[in-house]
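Here are a few notes to read alongside the model. Keep the 3D view open and find each spot as you go.

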Amino acid sequence: MQCDRDSWPKLELILSDMCGGVLTGLSGVISSPGYPQEYSNNADCSWAIHVSNTSVVTLVFLDFQLENNEGCNFDFVALFDGPTVTHRHLGKYCGTDKPPNIITTSNQLLVVFKSDFNIGGRGFKAYYYSDLTQRGECQQVLSHVSGNFSSPNFPNIYPNNINCHWSITLAAGYRIKLFFPLMDLEDRNSLSDECDYDSVAVYDGNSQTDALMGRWCGREHPSSLVSKGNKLLVVLSTDRNEAHRGFTASYQGGKYSLYRRMINF
Ligand SMILES: [Ca+2]
Ligand SMILES: [Ca+2]
(Lines give C-alpha, C1' and ligand atoms only; values in the text may rest on other atoms or scores of the structure.)
(Ligands and ions follow the chains in the order given, each with its own letter.)
Protein backbone atom coordinates (compact mmCIF):
# COMPACT_ATOMS: atom_id res chain seq x y z
CA MET A 1 0.00 0.00 0.00
CA GLN A 2 1.32 3.40 -0.90
CA CYS A 3 1.60 5.76 2.04
CA ASP A 4 2.21 9.21 0.66
CA ARG A 5 1.77 12.52 2.38
CA ASP A 6 -1.67 13.13 0.94
CA SER A 7 -3.20 10.28 2.91
CA TRP A 8 -2.46 11.89 6.32
CA PRO A 9 -5.03 14.70 6.31
CA LYS A 10 -7.62 12.15 5.32
CA LEU A 11 -6.77 9.95 8.31
CA GLU A 12 -6.99 12.90 10.69
CA LEU A 13 -10.36 13.77 9.33
CA ILE A 14 -11.62 10.25 9.93
CA LEU A 15 -10.33 10.22 13.53
CA SER A 16 -11.82 13.60 14.43
CA ASP A 17 -15.17 12.43 13.09
CA MET A 18 -15.28 9.28 15.18
CA CYS A 19 -18.48 9.28 17.16
CA GLY A 20 -21.33 7.13 18.34
CA GLY A 21 -21.17 3.62 19.73
CA VAL A 22 -23.02 1.09 21.83
CA LEU A 23 -23.61 1.93 25.49
CA THR A 24 -24.71 -0.74 27.91
CA GLY A 25 -23.97 0.83 31.30
CA LEU A 26 -26.74 1.69 33.74
CA SER A 27 -26.05 5.33 32.96
CA GLY A 28 -23.71 7.29 30.75
CA VAL A 29 -22.94 10.49 28.90
CA ILE A 30 -22.95 11.19 25.17
CA SER A 31 -21.90 14.32 23.32
CA SER A 32 -21.40 15.55 19.78
CA PRO A 33 -17.90 15.02 18.32
CA GLY A 34 -15.38 17.48 19.73
CA TYR A 35 -17.85 18.90 22.27
CA PRO A 36 -17.75 21.67 23.54
CA GLN A 37 -15.77 22.70 20.44
CA GLU A 38 -17.79 23.16 17.29
CA TYR A 39 -18.84 19.86 15.78
CA SER A 40 -17.57 18.90 12.34
CA ASN A 41 -19.54 19.21 9.15
CA ASN A 42 -20.94 16.07 7.57
CA ALA A 43 -21.06 14.26 10.91
CA ASP A 44 -23.14 11.12 11.07
CA CYS A 45 -23.18 9.55 14.54
CA SER A 46 -25.38 6.90 16.13
CA TRP A 47 -25.46 5.88 19.78
CA ALA A 48 -27.32 2.71 20.61
CA ILE A 49 -28.18 2.66 24.32
CA HIS A 50 -29.09 -0.75 25.63
CA VAL A 51 -29.94 -1.20 29.32
CA SER A 52 -31.05 -4.28 31.23
CA ASN A 53 -34.29 -5.97 30.19
CA THR A 54 -36.33 -4.76 33.12
CA SER A 55 -35.50 -1.09 32.58
CA VAL A 56 -36.39 1.86 30.37
CA VAL A 57 -34.03 4.64 29.29
CA THR A 58 -34.36 8.29 30.27
CA LEU A 59 -32.31 10.80 28.27
CA VAL A 60 -31.64 14.29 29.67
CA PHE A 61 -29.98 17.04 27.63
CA LEU A 62 -27.53 19.23 29.54
CA ASP A 63 -26.49 21.49 26.68
CA PHE A 64 -27.78 21.95 23.16
CA GLN A 65 -26.65 24.27 20.37
CA LEU A 66 -27.06 23.18 16.76
CA GLU A 67 -27.56 25.06 13.52
CA ASN A 68 -31.20 26.02 13.42
CA ASN A 69 -33.72 25.80 10.64
CA GLU A 70 -37.39 25.01 10.48
CA GLY A 71 -37.87 21.28 10.12
CA CYS A 72 -34.33 20.62 11.36
CA ASN A 73 -33.20 19.40 7.96
CA PHE A 74 -29.59 20.62 8.14
CA ASP A 75 -28.14 19.60 11.52
CA PHE A 76 -30.21 17.59 13.98
CA VAL A 77 -30.48 15.06 16.78
CA ALA A 78 -33.11 12.38 16.17
CA LEU A 79 -34.28 9.89 18.78
CA PHE A 80 -35.86 6.47 18.28
CA ASP A 81 -37.70 4.23 20.72
CA GLY A 82 -35.66 1.10 19.97
CA PRO A 83 -32.37 -0.01 18.42
CA THR A 84 -32.90 1.21 14.83
CA VAL A 85 -34.29 4.15 12.84
CA THR A 86 -37.28 2.01 11.89
CA HIS A 87 -38.50 2.16 15.50
CA ARG A 88 -40.91 4.80 16.72
CA HIS A 89 -39.58 8.30 16.19
CA LEU A 90 -39.38 10.16 19.52
CA GLY A 91 -38.33 13.54 18.14
CA LYS A 92 -35.99 15.53 15.90
CA TYR A 93 -34.27 18.58 17.36
CA CYS A 94 -32.05 21.48 16.27
CA GLY A 95 -31.39 25.09 17.25
CA THR A 96 -30.67 26.19 20.81
CA ASP A 97 -33.73 24.99 22.75
CA LYS A 98 -32.85 21.98 24.88
CA PRO A 99 -35.05 19.01 23.94
CA PRO A 100 -37.36 17.75 26.70
CA ASN A 101 -36.38 14.70 28.75
CA ILE A 102 -37.11 11.58 26.74
CA ILE A 103 -38.23 8.25 28.21
CA THR A 104 -38.37 5.11 26.07
CA THR A 105 -41.03 2.42 26.30
CA SER A 106 -38.45 -0.36 25.95
CA ASN A 107 -34.89 -0.91 27.17
CA GLN A 108 -33.27 0.57 24.05
CA LEU A 109 -32.79 4.06 22.69
CA LEU A 110 -31.11 5.14 19.44
CA VAL A 111 -29.66 8.66 19.26
CA VAL A 112 -28.66 9.92 15.79
CA PHE A 113 -26.72 13.15 15.23
CA LYS A 114 -26.17 14.52 11.73
CA SER A 115 -24.70 17.74 10.40
CA ASP A 116 -24.64 19.07 6.84
CA PHE A 117 -21.81 20.67 4.86
CA ASN A 118 -21.56 24.06 6.61
CA ILE A 119 -22.47 26.10 9.71
CA GLY A 120 -22.06 24.34 13.01
CA GLY A 121 -22.45 24.98 16.73
CA ARG A 122 -21.22 23.81 20.12
CA GLY A 123 -23.26 20.65 19.71
CA PHE A 124 -24.86 18.80 22.57
CA LYS A 125 -24.19 16.91 25.74
CA ALA A 126 -26.71 14.54 27.29
CA TYR A 127 -26.79 11.80 29.89
CA TYR A 128 -28.97 8.75 30.16
CA TYR A 129 -29.99 6.53 33.02
CA SER A 130 -32.11 3.44 33.40
CA ASP A 131 -34.87 2.74 35.83
CA LEU A 132 -37.00 -0.28 36.47
CA THR A 133 -40.02 0.13 34.23
CA GLN A 134 -42.17 -0.43 37.26
CA ARG A 135 -41.63 -1.95 40.63
CA GLY A 136 -43.73 -4.92 39.58
CA GLU A 137 -40.99 -6.08 37.26
CA CYS A 138 -38.89 -7.30 40.10
CA GLN A 139 -41.65 -9.48 41.50
CA GLN A 140 -40.87 -13.06 40.63
CA VAL A 141 -42.59 -16.33 41.43
CA LEU A 142 -40.33 -19.37 41.34
CA SER A 143 -41.86 -22.83 41.20
CA HIS A 144 -39.10 -25.06 39.83
CA VAL A 145 -37.67 -27.48 42.36
CA SER A 146 -34.36 -25.63 42.22
CA GLY A 147 -33.21 -22.33 40.80
CA ASN A 148 -31.12 -19.20 40.98
CA PHE A 149 -31.94 -15.53 41.09
CA SER A 150 -30.14 -12.28 41.71
CA SER A 151 -30.74 -8.62 42.40
CA PRO A 152 -31.75 -6.47 39.38
CA ASN A 153 -28.85 -5.55 37.06
CA PHE A 154 -26.46 -7.95 38.81
CA PRO A 155 -23.40 -7.90 38.57
CA ASN A 156 -23.84 -4.18 38.03
CA ILE A 157 -25.20 -2.09 40.86
CA TYR A 158 -28.84 -2.45 41.80
CA PRO A 159 -31.28 0.47 41.40
CA ASN A 160 -32.20 2.74 44.28
CA ASN A 161 -35.74 2.85 45.68
CA ILE A 162 -36.78 -0.67 44.84
CA ASN A 163 -38.69 -3.31 46.68
CA CYS A 164 -38.31 -6.67 44.97
CA HIS A 165 -40.00 -9.94 45.93
CA TRP A 166 -38.93 -13.44 45.00
CA SER A 167 -41.55 -15.90 46.08
CA ILE A 168 -40.54 -19.56 45.98
CA THR A 169 -43.50 -21.90 46.05
CA LEU A 170 -42.99 -25.64 45.64
CA ALA A 171 -45.42 -28.56 45.78
CA ALA A 172 -46.83 -29.53 49.18
CA GLY A 173 -44.43 -31.69 51.16
CA TYR A 174 -41.32 -29.93 49.91
CA ARG A 175 -39.05 -27.77 51.97
CA ILE A 176 -36.62 -25.22 50.57
CA LYS A 177 -32.95 -24.74 51.27
CA LEU A 178 -31.67 -21.29 50.32
CA PHE A 179 -28.07 -20.06 49.88
CA PHE A 180 -26.59 -16.67 49.12
CA PRO A 181 -23.30 -17.26 47.28
CA LEU A 182 -22.73 -13.52 47.08
CA MET A 183 -24.04 -10.61 49.12
CA ASP A 184 -22.84 -7.05 48.63
CA LEU A 185 -25.30 -4.42 49.86
CA GLU A 186 -24.95 -1.03 51.51
CA ASP A 187 -23.65 -1.48 55.08
CA ARG A 188 -25.57 -1.29 58.33
CA ASN A 189 -26.54 2.04 59.80
CA SER A 190 -23.62 2.58 62.19
CA LEU A 191 -25.86 4.45 64.68
CA SER A 192 -28.67 1.93 65.01
CA ASP A 193 -26.55 -1.09 63.99
CA GLU A 194 -29.51 -2.22 61.87
CA CYS A 195 -29.88 -2.84 58.13
CA ASP A 196 -31.86 0.39 57.76
CA TYR A 197 -30.72 1.39 54.27
CA ASP A 198 -30.66 -1.61 51.93
CA SER A 199 -31.46 -5.15 53.00
CA VAL A 200 -32.38 -8.66 52.01
CA ALA A 201 -35.03 -10.20 54.26
CA VAL A 202 -36.23 -13.80 54.16
CA TYR A 203 -39.65 -14.89 55.42
CA ASP A 204 -40.68 -18.45 56.21
CA GLY A 205 -43.80 -18.43 54.02
CA ASN A 206 -45.25 -16.37 51.20
CA SER A 207 -45.85 -13.01 52.88
CA GLN A 208 -44.12 -10.47 55.05
CA THR A 209 -46.48 -11.39 57.87
CA ASP A 210 -44.85 -14.83 58.06
CA ALA A 211 -41.92 -15.41 60.41
CA LEU A 212 -38.83 -13.37 59.56
CA MET A 213 -35.88 -15.73 59.24
CA GLY A 214 -33.40 -12.87 59.07
CA ARG A 215 -32.46 -9.58 57.51
CA TRP A 216 -29.00 -8.98 56.06
CA CYS A 217 -26.98 -6.15 54.54
CA GLY A 218 -23.37 -5.24 53.81
CA ARG A 219 -21.49 -8.46 53.13
CA GLU A 220 -23.08 -10.57 55.85
CA HIS A 221 -25.22 -13.50 54.89
CA PRO A 222 -26.35 -16.80 56.37
CA SER A 223 -24.58 -19.97 55.28
CA SER A 224 -27.96 -21.47 54.40
CA LEU A 225 -31.61 -21.36 55.45
CA VAL A 226 -34.25 -24.08 55.40
CA SER A 227 -37.98 -23.34 55.27
CA LYS A 228 -40.50 -25.02 57.58
CA GLY A 229 -42.98 -25.43 54.74
CA ASN A 230 -43.06 -25.32 50.94
CA LYS A 231 -42.77 -21.54 50.62
CA LEU A 232 -40.11 -18.89 51.07
CA LEU A 233 -40.19 -15.17 50.40
CA VAL A 234 -37.06 -13.10 49.71
CA VAL A 235 -37.43 -9.31 49.77
CA LEU A 236 -34.80 -6.81 48.61
CA SER A 237 -35.38 -3.22 49.73
CA THR A 238 -33.12 -0.32 48.80
CA ASP A 239 -33.22 3.31 49.82
CA ARG A 240 -32.67 6.42 47.74
CA ASN A 241 -28.88 6.45 47.51
CA GLU A 242 -25.71 4.30 47.60
CA ALA A 243 -26.00 1.03 45.79
CA HIS A 244 -23.72 -1.98 45.48
CA ARG A 245 -23.61 -5.14 43.36
CA GLY A 246 -26.44 -6.85 45.22
CA PHE A 247 -26.76 -10.58 45.73
CA THR A 248 -27.04 -13.94 44.08
CA ALA A 249 -29.21 -16.66 45.58
CA SER A 250 -29.80 -20.29 44.81
CA TYR A 251 -32.31 -22.69 46.26
CA GLN A 252 -33.02 -26.38 46.23
CA GLY A 253 -36.27 -28.09 47.15
CA GLY A 254 -36.27 -31.36 49.07
CA LYS A 255 -38.89 -33.78 50.39
CA TYR A 256 -39.29 -35.46 53.72
CA SER A 257 -38.29 -39.09 53.85
CA LEU A 258 -40.35 -41.59 55.83
CA TYR A 259 -38.18 -40.76 58.82
CA ARG A 260 -39.01 -37.07 58.54
CA ARG A 261 -35.47 -36.31 57.52
CA MET A 262 -34.93 -34.17 54.50
CA ILE A 263 -33.63 -35.91 51.44
CA ASN A 264 -32.25 -34.57 48.19
CA PHE A 265 -30.21 -31.93 50.02
CA1 LIG B 1 -24.67 22.64 9.56
CA1 LIG C 1 -28.81 2.27 49.47
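1. Start with Lys114 and who it touches. Setting aside residues within four places in sequence, Lys114 is in contact with Ala43, Asp44, Asp75 and Phe76. Bear in mind that this is a predicted model.

2. Now for where Lys114 sits. You'll find Lys114 in strand E8, which covers residues 108-114. Asn73 is 41 residues away from Lys114 in sequence, yet their C-alpha atoms are 9.3 Å apart in space.

3. Is Lys114 buried, exposed or partly exposed? Lys114 has 19 C-beta neighbours inside 10 Å, so it counts as partly exposed; being buried would take 20 or more.

4. Zoom out to the protein chain. Its secondary structure comes to one helix and 18 strands. Of the 265 residues, 28% are buried. Take the contacts between residues at least 6 apart in sequence: 75% of them join residues at least 24 apart.

5. Next, have a look at one of the sheets. Five strands make an open sheet with mixed pairing, in the order E10-E12-E17-E14-E15. Strands E10 (139-142) and E15 (212-216) are at the edges with a single partner strand each, so one side of each has no neighbour in the sheet. From one strand to the next, the twist averages 10 degrees.

6. Finally, pick out one pair in that sheet. Strands in a sheet pair through backbone hydrogen bonds, in either a parallel or an antiparallel way. Here, E14 (residues 199-203) and E17 (residues 231-237) are antiparallel, with five bridges between them. Which residue in E17 stands opposite Ala201? That's Val235.

Methods
Residues numbered from 1 in each chain as written. Chains lettered and ligands numbered in written order. Predicted model: local features only at pLDDT ≥ 70, side-chain atom pairs only at ≥ 80, totals over all residues. Pairing = 2+ DSSP bridges. Helix = DSSP H or I, 4+ residues; strand = E, 2+ residues; numbered from the N terminus. Axes fitted to C-alpha atoms, helices over the stretch in contact; angles between N-to-C directions. Buried ≥ 20, exposed ≤ 12 C-beta atoms within 10 Å, placed from the backbone. Contact = placed C-beta atoms within 7 Å.
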